[in-house]
Amino acid sequence: MTSAQTLDLRTRAARKPFYFNTSAHLLRIGRERATTLGELLQALRTCSEDSIFQHTFRTLEEHHFIREGFSNDFAHWAFSACNEPGLAERLAGVDVREFTSVEAVRERIVHIVDAYIQSNPRAGERVAREPFYFCASDTVILPTAFVAHNLPEFADGMARVSVHSIHHHFIEARLRLKLTSNDFSLWLEEEMEMKKAARRVDHIDIYTATLEDVRRQAIRIIELALQ
Amino acid sequence: METKRQQVVEVTRSPKPLPSEIKSAPLAPEPVKRENRSRERRNRPRVPDTPPAPPPPPRLSDYETIVGGAELDELRFVARDLRGKTMKMVNSTAVGGGVAEMLNRLVPLLTELEVSTHWDVITGGNDFFEITKAFHNALHGGDYHLTKQVQEIFMMYNEQNRQRMHFDEDLVVIHDPQPAALINARNGAHARWVWRCHIDLSNPNSEVWGFLRPMIEKFDAAIFSSPTFARKLSVPQYLFYPCIDPLSEKNKDLDDSIVQKTCDDFGIDRSRPIVTQVSRFDRLKDPVGVVHAYKMAKKYVDCQLVLAGGGASDDPEGAVVLQEVTEAAGDDPDIIILNLPPWCALEINALQRASTLVVQKSLREGFGLTVTEALWKGKPTIASAVGGIPNQVIHKLTGALVHSVEGCAYQIRYLLTHPEFAQKLGKNGREHVKENFLMTTNVKRWLLLFRIMLQKNGS
């Protein structure tokens, strides 16, 4: 990138500023609970979308500091309480970024558990070491003090918001956008015409990185573009 | 042959003889030659004789270095729409106990956020509090026969408090069963009423729960500390994990000189691994099991065991348990048993910080705030998979969950010989607490609940 292009990137004003928002969640204890994989399957089919969201998207936020071995609550329970590593691996492979609706996540998880029980009928009835309690969350969207009108402000805001804001824009966003992308990449592409950087940000692996890592990597991508 | 006894460092308010005078039996020769200076000093620990004056409650800005400015900004944004709204907290005691401790910190912080919060304490005679103590035990699963007379006394005191109190606030929060019947003060006005249950209702006495349940279902919502503690109810149930205050005496950062001094006073050698359990001398905390686990581990790894707690001075059963622990410890000079008064928060803080590993091998547990405290200090923690502990300790990610003495012994050996893995558990554990179990998170939960309740009310 030439120095003129870099200067242009530094000073280019976005038509639409980026408003950093965040979400706050209050956990509700659900009515469903499962003591076997069979009961889990039944509850997965009938529980609210909020519950599926909680145990897949939201749990990533609650455990954002863990780099490995934690992807969603269903996988964790299958491993730690049911001693079914094969099922746990399959469930852990569900990447929420591939989905633009919670219903689609539910279908995928139901399919995995159903198929596993079909091929391992005894596993469906074996009592787990501890029950799985379905929870859900009530969500409140909040503004933050940060607004970006250009790329340096965007990087600065990203560095200063909470990890909840990073989760809101980077992970939850796809449910809002109905796109397999995120708010950061969309803004970089549409407002800054930085397709390559947008793609690189979108490819940050949330299952091997913490949300702080996501923040650092995204800022690094922007800084590289600005050099 | 004379039975050799373990030293117990005992610090009590009453002018009892020093431990060196009452525990005069000789100690066994040490397996490894070490300086005896530390053991001598253990005899005269310097801890305060009386409770220190409580420090002023922290202000919101005091938490900035701990949770970051962005987190505090989020609290202010959540609170912004609640300005001018009022909340009332009602419980049964102003001092002592976890609920009062939490409210002492929570109420000033909510008020600082311009959510005016009043705290009222119910009153009652001895007969009332004897009944509510019996209810407490019964709700934990104890046997109890609920008579009509008991019900009448319970309702009478609640009615007296109802007549004395005013309920003009937008949100009324009733803590625990004692004031539950105040719900009868609800008069159809706009206020929302929430019941905050701090106790484990997973296996309640059916008579007591059958009596309380119709009252609870008159509230707009109930709050529990863990999904495992909840009951099926007709009202929404929210999950509020208990929390610790990172600025309290028990959890604030300490200068290493304080940690060193505490260890010197208690005769703990910081150059060698220290395994610690902090808890009352209570069978449900299984201190004897911890001694056995330590002894099994000690065959393979060098370490000291610190059992620090209280309850042996004012509780006859505690004294018996302390005796059992002392006997189980035998003549091992590396087992340090500390019977501390309840105001030794700073000393407990220092002991936790000095520890290489922290153990909580309870047989039954509430939420297990001693685990939260250890995790917050970044300590690799080994804890039983009981009560609320699995909410905090995610096996091999934020700590090690165990189910037996043998499992505990193995994890002591493993973590002492794999310090990098142990350090990773400690780091994750601290982050887990920061995200989920700190006072600031608790403030956010209350604010969110208030907003959600008002939305449901159409306000």
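Figure 1. B:Lys285 and B:Glu365 form a salt bridge, their closest N and O atoms lying 3.0 Å apart; a salt bridge is defined as a side-chain nitrogen of Lys or Arg within 4 Å of a carboxyl oxygen of Asp or Glu. Helices (H or I, at least four residues) and strands (E, at least two) are DSSP runs, numbered from the N terminus. Both B:Lys285 and B:Glu365 are buried, where buried means under 20% relative accessible area, exposed over 50%, and partly exposed in between (1.4 Å probe, protein chains only). In chain B, salt bridges that share partners also join B:Arg272, B:Lys298, B:Asp302 and B:Asp334 into one network. The structure is a predicted model, in which local features need pLDDT of at least 70 and side-chain atom pairs count only at pLDDT 80 or more, while totals for chains, interfaces and linings use all residues. Residues are numbered from 1 along each chain as its sequence is written, chains are lettered from A and ligands numbered from 1 in the order in which they are written, and side-chain values use heavy atoms, with hydrogens and water left out.

**Figure 2. The salt bridge of B:Glu112 and B:Arg59.** The side chains of B:Glu112 and B:Arg59 meet in a salt bridge with an N to O distance of 3.4 Å. This pair links distant parts of the chain, 53 residues apart: B:Glu112 is in helix α5 (residues 98-112) of chain B, and B:Arg59 is in the loop between α2 (37-42) and α3 (64-67) of chain B. B:Glu112 counts as partly exposed, at 28% relative accessibility.

**Figure 3. The surroundings of B:Ser225.** B:Ser225 is placed in the loop between β6 (221-224) and β7 of chain B. With a relative accessible area of 2%, B:Ser225 is buried. Its side chain is joined to that of B:Arg196 by a polar contact of 3.1 Å. A polar contact is a pair of N or O atoms within 3.5 Å; within protein, one must be able to donate a hydrogen and the other to accept it, and residues adjacent in sequence count only if both atoms are side-chain atoms. Neighbours within four places in sequence aside, the residues in contact with B:Ser225 include B:Cys197, B:His198, B:Leu239, B:Tyr241 and B:Phe367, contact meaning heavy atoms within 4.5 Å.

**Figure 4. The interface of chain B and chain A.** Here 37 residues of chain B are in contact with 34 residues of chain A. The two chains bury about 2,900 Å² between them, 66% of it on carbon and sulfur atoms; buried area is the accessible area (1.4 Å probe) that two parts lose on being put together, summed over both. Across the interface, nine residue pairs are in polar contact (both at pLDDT 80 or more), whereas the count of salt bridges between chain B and chain A is zero. On the side of chain B that touches chain A, at least two residues each come from α4 (69-80), β7 (237-239), α16 (419-436) and α17 (439-457) of chain B. The most is given by α17(B), with seven residues. For the complex, the predictor gives an ipTM of 0.90 and a pTM of 0.88.

**Figure 5. The buried face of helix α5 in chain A.** Helix α5 (residues 85-92) of chain A has A:Leu87, A:Ala88 and A:Leu91 as its buried residues. Seen down the axis of α5(A), these residues fall within an arc of 100°, so they line one face of the helix; the arc is that of the directions from the helix axis to the C-beta atoms. They pack against α2 (37-46), α4 (73-80) and α6 (102-119) of chain A.

**Figure 6. A salt bridge in chain A.** A:Arg15 and A:Glu191 form a salt bridge, with the closest N and O atoms 3.7 Å apart. A:Arg15 lies in the loop between α1 (3-11) and β1 (18-34) of chain A and A:Glu191 in helix α9 (residues 183-192) of chain A, so this pair ties together parts that are 176 residues apart in sequence. A:Arg15 is exposed, with a relative accessible area of 65%, whereas A:Glu191 is buried, at 8%.
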